Amino acid sequence: MPELEDFEGAWLLTRRIDDRLTGQVLRLTGRAVFAPDDAGLVYDETGRLELPGQAAAVATRRYLWRAGAAGIEVFFEDGRFFHALGPGDRPEARHDCAPDLYRVRYDFAAWPCWSSRWEVHGPRKNYAMESEYRPES
């Protein structure tokens, strides 16, 4: 698995979200930037989200990536813990946000191209989200 500093820089991002509740497929194309701060890296994502039957929307998100004892720790923008990436080419993690459960599997086997796949289940959520990243330059 790459080290935290290996992520620094800009990445081209493509995402597919299969919403099993609505039967819709949403697509996002954009850019993710990992920029250094005093404690690690700040992940900023901006993209064009295409929703069936609707005008495209701008989507953004921010996370904090930090080096931790067991690997890379990911936090929400407000500092709350989200999940950790352990060692290996395909680390897995989960995030319990009752009543919803988020499970992720990262794939670094083709580094520097990499991906994440989320499975999300809850009373009002049932989707798979696949994101693929490749270096911008």
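Tutor: Let us begin with a term: a strand is a DSSP run of E with at least two residues, and a helix is a run of H or I with at least four, numbered from the N terminus. Please keep in mind that this is a predicted model.

Student: How many helices and strands does the chain have by that rule?
Tutor: The count is zero helices and ten strands. Read along the sequence, that gives the pattern β-β-β-β-β-β-β-β-β-β.

Student: What makes the size of the chain agree with a compact globule?
Tutor: For 137 residues, the globule rule expects a radius of gyration near 14 Å, and the chain has 15 Å, so the two agree. Along the principal axes, the C-alpha atoms fill a box of roughly 40 × 35 × 30 Å.

Student: What share of the residues in the chain is buried?
Tutor: Buried residues make up 36% of the 137. The word stands for a relative accessible area under 20%.

Student: And His121, why is this residue called partly exposed?
Tutor: Partly exposed lies between the 20% limit for buried and the 50% limit for exposed. His121 has 40% relative accessibility, so it counts as partly exposed.

Student: Where does His121 lie, and what does it touch?
Tutor: His121 lies in strand β9, which spans residues 114–122. Leaving aside residues up to four places away in sequence, His121 touches Arg20, Pro99, Asp100, Leu101 and Asn126.

Student: How do you know where a pocket is?
Tutor: Rolling a probe the size of a water molecule over the atoms shows where empty space is left. Here the largest pocket holds about 470 Å³ of space.

Student: Which residues line the largest pocket?
Tutor: Its lining has 28 residues, and Arg61, Tyr63, Phe82, Trp118 and Met129 lie nearest the centre. Strand β4, residues 57–68, gives the most to this lining, with five residues.

Student: What classes of residue make up that lining?
Tutor: The lining of the largest pocket has 19 nonpolar, five polar and four charged residues.

Student: Which residues does the UniProt domain annotation cover?
Tutor: The unreviewed UniProt entry gives "domain: DUF6314" for residues 7–134. In the model, that span is 0% helix and 72% strand, and its end C-alpha atoms lie 11 Å apart.

Terms used: Residues are numbered from 1 along each chain as its sequence is written. This is a predicted model: local features need pLDDT of at least 70, side-chain atom pairs count only at pLDDT 80 or more; totals for chains, interfaces and linings use all residues. Side-chain values use heavy atoms; hydrogens and water are left out. On a 1 Å grid over the protein atoms alone, a cavity is a set of points where a 1.4 Å probe fits but cannot get out, and a pocket is an open set with protein on both sides within 12 Å along at least five of seven lines; lining residues have an atom within 4 Å of a point. Grid points are joined across faces, edges and corners, and a volume is the space filled by probe spheres set on the points. Ala, Val, Leu, Ile, Met, Phe, Trp, Tyr, Cys and Pro count as nonpolar, Asp, Glu, Lys and Arg as charged, and the others, Gly among them, as polar. UniProt positions are given in the numbering used here, feature names are shortened, and annotations may be inferred rather than shown by experiment. The radius of gyration is taken over C-alpha atoms; the globule rule is 2.2 Å times the number of residues to the power 0.38. Buried means under 20% relative accessible area, exposed over 50%, partly exposed in between (1.4 Å probe, protein chains only). Contact means heavy atoms within 4.5 Å.
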